Amino acid sequence: MSPTVPSGDPAGRPEKVATFVSRSGLDQRASAAADDLNAFSSERSLQTETRSLEKTSPGAIHRQISEPQKSRWLVIVSATAGAIGLIIVGIVFAPSLFDLTPSGGPSLKPGRVTIGTTPLGALVMVDGVSRGLTPVTIQLDPGSHTVVLQRGGIERTMPIQVTSGAEITQHYEFAAEPSSSLSSVAITIDPPGARVLVDGEPRGPSPVSVTGLSPGNHKVTVTGETGTVDRQILTEAGVASSLVVALPKAAAVSAGWLAISSPFEVQVVERGDVIGTSASTRFMLPAGAHETDLVNEALGYSEHRRIDVNPGATATIKIDARSTLSINARPWAEVILDGKAIGQTPIANLNVSLGSHQLAFRHPDLGERQQNVVITAKGPNRVAVDLTR
């Protein structure tokens, strides 16, 4: 059997078998190869999902897209609500569940410390800061502290350990007070009632106790009706000494007199007692030295005088206390003071003795007018008259 020659080839060559691919199929393959070459893996998986969706019906596609989105939103909403709940629980319960102190340990409370001493009144210093005088109660932070007590030149230091919320009482006894550096002397005079001076300073009538003396020698002067006696005494610090002085016996004549010359009356005061006045010509005093005050309260006059009275003799005191006087008259006048003309008004700062005085004002047309005036030591002293009335 002769071979069969395919029709359509006049040369009688064997006919080649060829497979034809459509144009659209070639384009799709080329496009897929290019996408697989250029796209990231995430994009390739997205393309795969897209191609699979193209084969699915529109309703199925909508359901496949919507369901994952709903699931994602439910997860997001649930997670957000849970986080907000945890935050609220933390805000409400965290302070009671956790100690948020900086140290991370339990909270500490100050301790209450009471400090006392015998005797009281010691200065309290805690860690170099003054906290008052004992007894004192203070609050201290937990830990170690240094307490310093000072009293009467004595200082004591003691450490103290304070725990949280503790109640602590500390007491310290100081040594007995050091003995005084001053001395004293008890003075007794025979007969009693004599005046006592120590180192020239009056200390009152005997018997008397003189304190606050510096240790050493002191001069004691005793003056009584029968005379004056001087003694020396040696005193020691912190020791109470005693001194007994016997005055001389009374002599035949043991008194004298005192006379006072004054334009106004004065009282003579000795150791608070009035012993005489200037109204008497003279009055008797024990012989010896007298420390007196001459006083007229109405005139504001007071003067201290030392008077020595000798036995059987008269001591005389003259007083001339003065102040100023200013005088005026309307329209004017000649002025006569105690019968002596002193000039025409106005008269200023006239030096006049204390006491009562007589003034006369004379005017040639208005006549004469008299007036009494009392001059005092306090001043100012002023007199003015209106002769036109």
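## Aromatic pairing

In this predicted model, where local features need pLDDT of at least 70, side-chain atom pairs count only at pLDDT 80 or more, and totals for chains, interfaces and linings use all residues, one aromatic pair is counted, the rule being that rings of Phe, Tyr and Trp (its six-membered ring) have centres within 6.5 Å. F264 and Y301 form this pair, with 5.3 Å from centre to centre and 80° between the planes, an edge-to-face arrangement (planes over 60 degrees apart; under 30 is stacked and the rest tilted). Residues are numbered from 1 along each chain as its sequence is written, and side-chain values use heavy atoms, with hydrogens and water left out.

The pair links distant parts of the chain, 37 residues apart, since F264 lies in the loop between β15 (255-261) and β16 (267-270), whereas Y301 belongs to strand β20 (residues 301-309); strands are DSSP runs of E, at least two residues, numbered from the N terminus. F264 is buried at a relative accessible area of 6%, and Y301 is buried at 7%, where buried means under 20% with a 1.4 Å probe and protein chains only.

H290 is placed in strand β19 (residues 288-296) and is buried, with a relative accessible area of 5%. Its contacts (heavy atoms within 4.5 Å), leaving aside neighbours within four places in sequence, are R195, E270, L285, R305, R306, I307 and V309. The side chains of H290 and E270 are also joined by a polar contact of 3.0 Å, that is, a pair of N or O atoms within 3.5 Å, of which, within protein, one must be able to donate a hydrogen and the other to accept it, while residues adjacent in sequence count only if both atoms are side-chain atoms.

Note on methods:
Helix = DSSP H or I, 4+ residues; strand = E, 2+ residues; numbered from the N terminus. Buried < 20%, exposed > 50% of the residue type's maximum accessible area, 1.4 Å probe, protein only.
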